[in-house]
Amino acid sequence: MSEKSKNKCGRLIPWFVLLYMVILAAERIQSLVRILAGHPGGWFASPFDGYVNCLAAASLCATAVLLAVKGGAFWKSLGSACEPDWNLMTLFCGILLVSGMVHTEYTIPVIQFIAYGALIIAMIIRTACVSKAGKAFRYWYSLIYLTAFSMAIPVVYRSFL
């Protein structure tokens, strides 16, 4: 792979990951703030509400702390062609994903899907860049599997069965 195409991949992916994190975090934060501001019973109106609200808040806080403490390479990768730490970037996305899996009051699913779209675009770009180096079938098959599997992850919704 040429150095020019490697730099282009290295520069695009962190921006799409950042877009995913900003959109999803903003959507989750607005939900939690609206619950505190006007939902009868606040965060703990029921055991279910307490569970999803606390889990969403913990996920957001853990992502913020991890980005602040270990996110140096990620932040640098936004402004230069330096290679981000792919393992940590995956961890940032995964921890934040937990907050998106618990649907609190005032969740805006369309906004969440836009965030997930940014993450999937980042995964497609990464796959396209690394699959040129060989083993293309394995990389593309893994991307398809991960994307399909992620759509099957159980999302926590309130049920009145």
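Helices here are DSSP runs of H or I with at least four residues, numbered from the N terminus. With that in hand, welcome to the tour; what you have open is a predicted model.

**Stop 1**

Select Thr 107, which sits in the loop between helix 4 (86–101) and helix 5. Is this residue, Thr 107, buried or exposed? Its relative accessibility is 17%, and the cut-off for buried is under 20%, so Thr 107 counts as buried. Now show side chains: the side chain of Thr 107 makes a polar contact with that of Arg 28, at 2.8 Å. Leaving aside residues up to four places away in sequence, Thr 107 touches Glu 27, Arg 28, Ser 31 and Gln 112.

Step back to Tyr 106, also found in the loop between helix 4 and helix 5. Tyr 106 is partly exposed, with a relative accessible area of 28%. Which residues does Tyr 106 touch, not counting those up to four places away in sequence? Select Glu 27, Gln 30, Ser 31, Arg 34, Ile 35 and His 39 to see them.

**Stop 2: the largest nonpolar core**

Keep Leu 32 selected, as it is one of the residues with the most contacts inside the largest nonpolar core, which has 33 residues. Helix 1 gives the largest share, 10 residues. In soluble globular proteins, nonpolar side chains tend to be buried together.

Zoom in on Ile 13. Beyond residues up to four places away in sequence, Ile 13 touches Trp 86, Met 89, Ala 122, Ile 125 and Arg 126.

**Stop 3: helix 5 against helix 6**

Finally, select helix 5 (residues 109–131) and helix 6 (residues 136–150), whose axes come within 9 Å and cross at roughly 170°. How do the two run? An angle over 145 degrees counts as roughly antiparallel, so helix 5 is roughly antiparallel to helix 6. On the helix 5 side, the contact includes Ile 120, Met 123 and Ile 124; among the helix 6 partners are Tyr 139, Trp 140 and Leu 143. Colour this contact by class and you will find 10 nonpolar, 3 polar and no charged residues.

How values were computed:
Residues are numbered from 1 along each chain as its sequence is written. This is a predicted model: local features need pLDDT of at least 70, side-chain atom pairs count only at pLDDT 80 or more; totals for chains, interfaces and linings use all residues. Side-chain values use heavy atoms; hydrogens and water are left out. Axes are lines fitted to C-alpha atoms, for helices over the stretch in contact, and angles run from 0 to 180 degrees between N-to-C directions. Helices (H or I, at least four residues) and strands (E, at least two) are DSSP runs, numbered from the N terminus. Angles under 35 degrees count as roughly parallel, over 145 as roughly antiparallel, 65 to 115 as roughly perpendicular and the rest as oblique. Contact means heavy atoms within 4.5 Å. Ala, Val, Leu, Ile, Met, Phe, Trp, Tyr, Cys and Pro count as nonpolar, Asp, Glu, Lys and Arg as charged, and the others, Gly among them, as polar. Buried means under 20% relative accessible area, exposed over 50%, partly exposed in between (1.4 Å probe, protein chains only). A polar contact is a pair of N or O atoms within 3.5 Å; within protein, one must be able to donate a hydrogen and the other to accept it, and residues adjacent in sequence count only if both atoms are side-chain atoms. A nonpolar core is a set of buried Ala, Val, Leu, Ile, Met, Phe, Trp, Tyr and Cys residues joined through side-chain atoms within 4.5 Å.
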